[in-house]
Amino acid sequence: MRTLRVTYTEIRLQIAVTLLSIAMASLLPVGKAQGQTMEVLDTAQVIVPPKPKIPLRLTSFRLGVDPTKPLIAGLSKFYKSPTDYWEVSAELTLNNRFFLSAAYGFSKTGRSDIALEKSYIYVNQGNYYRLGLDYNILGGKTQYDAVFLGLRYSNATFDHSISGLTGRKYWENPITSTSQSPFSAQANGQQANWVSLAVGFKVRIIGGLFGGVEGRLDNLLSYDDSPDFTVVDIPGFGLLKVDQTSKYNFSYSLFYRIPLWKHAAYE
Amino acid sequence: MRKIVLTFLTVVTVCLWSSCTECDPISNPVTSANVTFYRKNSAGTGYEKYKKLVFASVNGIYERFQGDTLLATIVALDDTLLNSRVYLPLRYDADSSYFRFLLADLNTANAETLQIYHAKKLVINAPDCGFYEQYSEIEVKGSFFDSVNVLNPLLVTDTTVVNIEVFVNDSIPGNIE
């Protein structure tokens, strides 16, 4: 009996503590999740709790190189317009949602047309950089891959020169009786600026190695036009035809990813 | 993701394939200034256009420096006369082209001269498709004609576009339109 009485006492005590706890809990400020739980109970609806917001952080740093540019330069040795290209890039990723990208490259282009009456050799050499911001339209659906839309600003500084022979009908040199006139001109420190709309993707190949392709619609804002001859190439923009102001360009990149912020939510 | 990658690679390949640069056929601008002559009418109140001029010859004066000495040689400019127009070929190797118009009496004392100053630029037809000379900013200085008017300072592809109008007195024989 004693045992039973004690048991009753304990039960009463437990009930009292429980009621006290409920009463105290009801005095505390009610959180959003608790409120929603009450709502679920009230309306009998199924509501998925919202995903916790992950603050924007620099999650990784990627270093890249465009392997196709040296390849194209190597193949161009077999053509009449030898070229030399390279491009490196770096990228900061924010939660695999935003990418801050920068690229720096070198370009040397030679063009020529050798004809009997008129001939020329054009050489263009310079550097360029490209800065941009991308948005991953896949959002948080993937940890590493991205399909992105972006904006770019690019600037090039280049030197170019031309030399050759131009025919001169009627104005034959009376001393040498030659009907061709040599010419040469050079312009250094020329500048060009353009903005681009970019679209592309980046995928994880293996481990920290990534591959990416980017297509851009480049729109020239301005460029220095030489007084003696036209600009034929702009480093990073490429071939510039007469009166051309925009063109499509593509870049291929291999990246290596260096994680900066390790957290379960970002991995 | 694989579908997206394959689609994008296909688009890129097609775009690259279609973007192979070829030589565009273009019409090069002329390299000769089109000069039209006008003569005072009989009343002396205005000018009327020559239908055909009768110059004995039109020559270029090839000026060049040898050290500090300016040398000049008369060079023949054949085929520059065409009906009422005279096509004066401009020099690419100099900033001006000097011309001498010899009247029909072959007296060099009656020769008229015209010096055309011009800017010039090489325009390359990319990629590797030759180039052409673009003459512009034509000015005429030192003319011994009555007066000269630059109508179009830019040489274009259309050979009928008149660049320079020259007004002369009625001493140069020719037919009026």
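Reader: In which strand of chain B is the place of Ser32(B)?

Author: Ser32(B) sits in strand S1 of chain B, which covers residues 32-40. Keep in mind as we go that this is a predicted model.

Reader: Why is Ser32(B) called buried?

Author: Its relative accessible area is 15%. Buried means under 20%, so Ser32(B) counts as buried.

Reader: Which residues is Ser32(B) in contact with, leaving aside its neighbours within four places in sequence?

Author: They are Tyr87(B), Leu88(B), Pro89(B), Leu90(B), Leu155(B) and Asn163(B).

Reader: Let's turn to Gln134(B). Where is Gln134(B) found, and why does it count as buried?

Author: Look in strand S9 of chain B, residues 131-141. Gln134(B) has a relative accessibility of 18%, and the cut-off for buried is under 20%, so Gln134(B) counts as buried too.

Reader: What makes the pair of Gln134(B) and Leu155(B) a polar contact?

Author: A polar atom of the Gln134(B) side chain lies 2.8 Å from the backbone oxygen of Leu155(B). The limit for a polar contact is 3.5 Å, so this distance is within it. Leu155(B) is also one of the residues that Gln134(B) touches, once residues up to four places away in sequence are not counted. Others in that list include Pro29(B), Ala119(B) and Val123(B).

Reader: How many helices and strands are there in chain B?

Author: Chain B has one helix and twelve strands.

Reader: Now for chain A. Why is Ser163(A) called partly exposed?

Author: Ser163(A) has a relative accessible area of 32%. Buried is under 20% and exposed is over 50%; 32% falls in between, so Ser163(A) is partly exposed. You can find Ser163(A) in strand S5 of chain A. Leaving aside neighbours within four places in sequence, Ser163(A) is in contact with residues including Ser119(A), Tyr120(A) and Phe183(A).

Reader: How do you know that S4(A) and S5(A) pair?

Author: Pairing takes at least two bridges, and 18 bridges join S4(A) to S5(A), so the two strands pair. They run antiparallel, and Tyr128(A) stands opposite Ala156(A) in S5(A).

Reader: How many cavities of 30 Å³ or more does a search of the whole structure find?

Author: The search finds one. The largest cavity has a volume of about 190 Å³, which is over the 30 Å³ used in the search.

Reader: Which residues lie nearest the centre of the largest cavity?

Author: Of the 20 lining residues, Ser89(A), Arg152(A), Glu214(A), Ser253(A) and Phe255(A) lie nearest the centre. S2(A) gives the most to the lining, with four residues. By class, the lining has eight nonpolar, six polar and six charged residues.

Definitions and conventions
Residues are numbered from 1 along each chain as its sequence is written. Chains are lettered from A and ligands numbered from 1 in the order in which they are written. This is a predicted model: local features need pLDDT of at least 70, side-chain atom pairs count only at pLDDT 80 or more; totals for chains, interfaces and linings use all residues. Side-chain values use heavy atoms; hydrogens and water are left out. Buried means under 20% relative accessible area, exposed over 50%, partly exposed in between (1.4 Å probe, protein chains only). Contact means heavy atoms within 4.5 Å. On a 1 Å grid over the protein atoms alone, a cavity is a set of points where a 1.4 Å probe fits but cannot get out, and a pocket is an open set with protein on both sides within 12 Å along at least five of seven lines; lining residues have an atom within 4 Å of a point. Grid points are joined across faces, edges and corners, and a volume is the space filled by probe spheres set on the points. Ala, Val, Leu, Ile, Met, Phe, Trp, Tyr, Cys and Pro count as nonpolar, Asp, Glu, Lys and Arg as charged, and the others, Gly among them, as polar. A polar contact is a pair of N or O atoms within 3.5 Å; within protein, one must be able to donate a hydrogen and the other to accept it, and residues adjacent in sequence count only if both atoms are side-chain atoms.
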